[in-house]
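Please consider the following structure with its sequence at hand.

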Amino acid sequence: MGIKIRVEYWYVWYEPRYLELARVVKGEFPDADVSGFVGRRASFEIEINGQLVFSKLECGGFPYEDDVIGVIQDANDGKALKKITKSQAPCVIM
């Protein structure tokens, strides 16, 4: 089963963060299907195989890349996915 990652992000302000995350993910998991789309204000929501694993709207900051890679690895290994609750806070716009 392939890994499908969808990222909802807020307009162009968060697009560089999405693009960097996509680059890192594809570097670790070349076969992963990574897509992003502009969504709700202040959002940076990550779904893996249809399951929400990180929500900036809930956590208030951005995820750590290592945490995201860890959850993707779990998905790759067929393990249950845990929600990421740790974030880089406070949020600042780059």
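In this predicted model, Glu8 stands opposite Phe37 in strand E2. The pairing to which these strands belong joins E1 and E2 in the parallel sense, over six bridges. Between the two strands the chain passes through helix H1, and this β-α-β crossover from E1 to E2 is right-handed. E1 also pairs with E3, here in the antiparallel sense and over five bridges. In that pairing Ile5 stands opposite Ile48 of E3.

Which residues of H1 are buried? They are Tyr14, Tyr18, Leu21, Ala22, Val24 and Val25.

In soluble globular proteins, nonpolar side chains tend to be buried together. The largest nonpolar core of this model has 27 residues, and the members that touch the most others are Ile5, Val7, Val25, Phe44, Ile46, Ile48 and Ile72. At least two residues of this core come from each of E1 (4–9), H1 (11–28), E3 (44–48), strand E4 (51–55) and H3 (65–76). H1 gives the most, with six residues.

Val7 illustrates these contacts. Leaving aside residues up to four places away in sequence, Val7 touches Tyr18, Leu21, Ser35, Gly36, Phe37, Phe44, Glu45 and Ile46. Two of these, Tyr18 and Leu21, are among the buried residues of H1, and Phe37 is the residue of E2 that stands opposite Glu8.

Ser55 lies in strand E4. Is Ser55 buried or exposed? Ser55 counts as buried because its relative accessible area is 2%, where the limit for a buried residue is under 20%. The side chain of Ser55 makes a polar contact with the side chain of Glu45, at 2.4 Å. The Ser55 side chain also reaches the backbone nitrogen of Leu57, at 3.3 Å. Not counting residues up to four places away in sequence, Ser55 touches Phe44 and Glu45. Phe44 and Glu45 are likewise on the list of residues that Val7 touches.

Methods. Residues numbered from 1 in each chain as written. Predicted model: local features only at pLDDT ≥ 70, side-chain atom pairs only at ≥ 80, totals over all residues. Heavy atoms only, no water. Core = buried A, V, L, I, M, F, W, Y, C linked by side-chain atoms within 4.5 Å. Buried < 20%, exposed > 50% of the residue type's maximum accessible area, 1.4 Å probe, protein only. Helix = DSSP H or I, 4+ residues; strand = E, 2+ residues; numbered from the N terminus. Contact = heavy atoms within 4.5 Å. Polar contact = N/O pair within 3.5 Å; in protein donor to acceptor, adjacent residues only side chain to side chain. Pairing = 2+ DSSP bridges. Right-handed = clockwise from strand over helix to strand, strands pointing away.
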